Amino acid sequence: MKIASVLLLGAAVATLSSATRAADLIIEEPAVIATASAVDWSGFYAGAHIGYGAGTQFLDGVIIDPDDEEQPVDGFLGGVHLGYNVQMDAVVFGVQTDLSLSAIASEELGGGADDTVDWLGSTTARIGLALDGVLPYVKAGVAYGGGTGDAAGLEVSNTHVGWTAGAGVEIAVADNISVFGEYAYTDLGAETYSFGAPVNADVDVSMQLHTVKAGLNFGF
């Protein structure tokens with residue numbers, strides 16, 4: 001009788017131990033819940049920027065000396081911009097329009113007057129990756145600008161349309177306030193500048209620019 005009791009007790013202990021081990025095996029790890037970015041980049045924003053541009057002006061016409069067909073240009077610029085973002089998980093889609101007053105100009109050989117880029121703008125699509133308070137992005141779209149050409153004291157103005165592409169980084173510094181820096185390549189298409197008497201000639205002008213900007217955004 002004692003032997004049977006001992007055997008029953010041993011079997012019960014073994015069964016309990018096996019059940020405990022089985023329970024340990026089927027315990028599930030807690031689910032990992034993805035957390036949203038600490039900064040929501042969605043919505044409208046507006047701001048201001050300053051920058052610098054440099055590149056090459058291309059000239060083609062009967063009055064253009066072969067040595068002057070390509071001229072370096074450079075200068076500062078500054079302006080305002082307006083945009084809108086939509087954030088989907090960590091991806092931020094946006095569109096932005098900017099407009100700058102420009103002091104970008106060439107220096108004519110022989111001490112003549114400068115050819116100038118009077119204003120410069122763009123409308124671009126943007127896509128970025130939200131890393132909490134940091135938003136790296138790329139952008140591309142249409143570019144436009146106004147220039148003034150000088151020949152023998154005659155000034156002629158025209159508007160150019162082309163394309164632009166670039167990349168930048170935006171950093172949140174407070175609620176609805178961010179700073180950014182970006183680089184862009186801009187190709188302004190060729191336009192004809194028609195000079196009257198005493199020049200009486202047409203000059204085709206195009207421009208390729210590299211610009212860097214830094215600025216401040218306010219969300220609303």
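This is a predicted model: local features need pLDDT of at least 70, side-chain atom pairs count only at pLDDT 80 or more; totals for chains, interfaces and linings use all residues.
This briefing walks through the fold, the strand pairing, the charged pairs and the confidence of one protein model.

**Overall layout**

- The protein chain contains one helix and eight strands.
- Of the 220 residues in the protein chain, 36% are buried.
- Take the contacts with a separation of 6 or more in the protein chain: 63% of them come from residues 24 or more positions apart.

- The average pLDDT of the protein chain is 86, and 80% of the residues score at least 70.
- Residues 1-13 are the stretch to treat separately: the pLDDT there is below 50, and beyond near neighbours in sequence the stretch has zero contacts in the model.

- Strand E1 (residues 43-60) pairs with strand E8 (residues 201-219), antiparallel, over 16 bridges.
- Within that pairing, Leu59 sits opposite Val205 in E8.

- E2 (residues 70-88) and E3 run antiparallel and pair over 14 bridges; Leu77 faces Ser102 in E3.
- The E2 and E3 hairpin has two residues between the strands, and Asp89 takes a positive phi near 55° there.
- E3 carries on to E4 with 13 bridges, again in the antiparallel sense, and Leu101 has Trp119 in E4 as its bridge partner.
- E5 and E6 are joined by 18 bridges and run antiparallel, with Val142 opposite Trp163 in E6.
- In the hairpin of E5 and E6, with two residues between the strands, Ala152 is the residue with a positive phi near 55°.
- Twelve bridges pair E6 with E7 in the antiparallel sense; Glu170 has Phe180 in E7 as its bridge partner.
- The hairpin of E6 and E7 has two residues between the strands as well, and Asn176 takes a positive phi near 65°.

**The salt bridges**

- Asp98 and Lys213 meet through their side chains in a salt bridge at 3.3 Å, N to O. Asp98 belongs to strand E3 (residues 91-106) and Lys213 to strand E8, so this pair ties together parts that are 115 residues apart in sequence. Asp98 and Lys213 are buried.
- Glu170 has a salt bridge with Arg126, the closest N and O atoms being 3.4 Å apart. Because Glu170 lies in strand E6 (residues 154-174) and Arg126 in strand E4 (residues 116-129), the pair ties together parts that are 44 residues apart in sequence. Both Glu170 and Arg126 are buried, and Glu170 is the residue that bridges to Phe180 in E7.
- Lys139 and Glu182 form a salt bridge with their closest N and O atoms 2.6 Å apart. Lys139 is in strand E5 (residues 134-151) and Glu182 in strand E7, so parts that are 43 residues apart in sequence get tied together.
- Burial here rests on a relative accessible area under 20%: Lys139 comes in at 6%, so it counts as buried, and Glu182 counts as buried at 8%.

- Asp187 has its place in strand E7 (residues 177-195).
- Lys139 is the residue that forms a salt bridge with Glu182.
- So what does Asp187 contact, leaving aside its neighbours within four places in sequence? The contacts are Gly162, Trp163, Met207 and Gln208.
- One of these, Trp163, is the residue in E6 that stands opposite Val142.

Notes
Residues are numbered from 1 along each chain as its sequence is written. Side-chain values use heavy atoms; hydrogens and water are left out. Two strands pair if DSSP finds at least two bridges between them. Helices (H or I, at least four residues) and strands (E, at least two) are DSSP runs, numbered from the N terminus. pLDDT is the predictor's confidence in each residue, from 0 to 100. Contact means heavy atoms within 4.5 Å. A salt bridge is a side-chain nitrogen of Lys or Arg within 4 Å of a carboxyl oxygen of Asp or Glu. Buried means under 20% relative accessible area, exposed over 50%, partly exposed in between (1.4 Å probe, protein chains only).
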